[in-house]
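Open the model in your viewer and keep the selection panel at hand. The stops below go one at a time.

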Amino acid sequence: MWSDSLLVFFAAMAAGAVNSVAGGGTLLTFPALLATGQLALVANATSTVALCPGSASSWWGYRHEIGGNRHAVLPMLVLGVAGGITGSALLLVTPAPLFDRIVPYLILAATLLFIAQEPLSRWLRSRSGEAAKDDEEHVHLRLTPPMLVAVFGTAVYGGYFGAGIGIITLAVLGLMGLRNIHQMNALKNVYALATNAVAAAIFISRGLVDWKVALLMACGALFGGYAGAGIARKIGQKNVRRIVIGIGLLLTASMLVRG
């Protein structure tokens, strides 16, 4: 139906705008796909594939910001791929009825992560301000075994569902010792691209992607990321955040009530 096409296109466009100013766009695309009657597994796979171009463009935009932490790129790529494979494999072996029951809690968890994004951003900015006094190129990631396990766990979550993975990744990078927010975003984008790309490839190979919808949403997301951000900025980042949080909480409540 044309109404369903408009819904997913504008949801993807809004997601592109939200990702450019706040993050959390999956909280718009996933429920929109569910509203059109898509199965939860198909909706998750289609949303992952549709938003991959945005991850690629974000990586390209930050490609020069990694600086003195190039040593961390390969380990994070490997862990991103391994975690993405693991998470998407877990999704594929999850029975559809069980995944339908889990979805409300996944959306609630992603919404709570989105709520936590603002205080986390303030914390990261404060650390970045402290780092400005030092030579930021000499702030290196601490690739300790516990942190590598945390990075892998984040990738598993990203491969399984994905909403809120950027917020988790920034927190992990901060705990690993990185202070420059631009370098953090650069590494986060490399890592997210690896995780999302491998998960998307697996979903595609299993025939879980609705290609007509995915291509339509990809166009909407690209357009929204470029042009829609201006609209989002006009209504204010706080209002954008409130809308996304409201959608996440309402969707969680409605799905739990429907049981």
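Is threonine 46 buried or exposed? At 0% relative accessibility, threonine 46 counts as buried; buried means under 20% relative accessible area, exposed over 50%, and partly exposed in between (1.4 Å probe, protein chains only). This is a predicted model, in which local features need pLDDT of at least 70 and side-chain atom pairs pLDDT 80 or more, while totals for chains, interfaces and linings use all residues. Residues are numbered from 1 along each chain as its sequence is written, and side-chain values use heavy atoms, with hydrogens and water left out.

Stay on threonine 46, which is in helix H3 (residues 40–50). Helices are DSSP runs (H or I, at least four residues), numbered from the N terminus. Beyond its neighbours within four places in sequence, threonine 46 contacts Leu33, Leu208, Val209, Asp210, Val213, Ala214 and Met217; contact means heavy atoms within 4.5 Å.

Next, select Met217 together with Phe30, Phe99, Val103, Ile107, Phe161 and Phe203. These touch the most other members of the largest nonpolar core, which has 42 residues. A nonpolar core is a set of buried Ala, Val, Leu, Ile, Met, Phe, Trp, Tyr and Cys residues joined through side-chain atoms within 4.5 Å. Elements giving two or more residues to this core include H1, H3, H6 and helix H10 (211–235). H6 gives the most, with seven residues. Apart from this core lies another, of 17 residues, among them Met147, Ala155, Leu178 and Met184.

Now centre on phenylalanine 99, buried at a relative accessible area of 0%. Leaving aside neighbours within four places in sequence, its contacts include Ala40, Leu41, Asn44 and Tyr160.

Turn to the rings. The structure holds three aromatic pairs; rings of Phe, Tyr and Trp (its six-membered ring) pair if their centres lie within 6.5 Å, with planes under 30 degrees apart counted as stacked, over 60 as edge-to-face and the rest as tilted. Phenylalanine 9 and phenylalanine 10 have ring centres 5.5 Å apart and planes at 80 degrees, so this pair is edge-to-face. Phenylalanine 9 is partly exposed at 21% relative accessible area, and phenylalanine 10 is partly exposed at 46%.

Phenylalanine 99 lies in helix H6 (residues 96–131) and tyrosine 160 in helix H7 (residues 145–160), so the pair ties together parts 61 residues apart in sequence. Tyrosine 160 is buried, at 13%.
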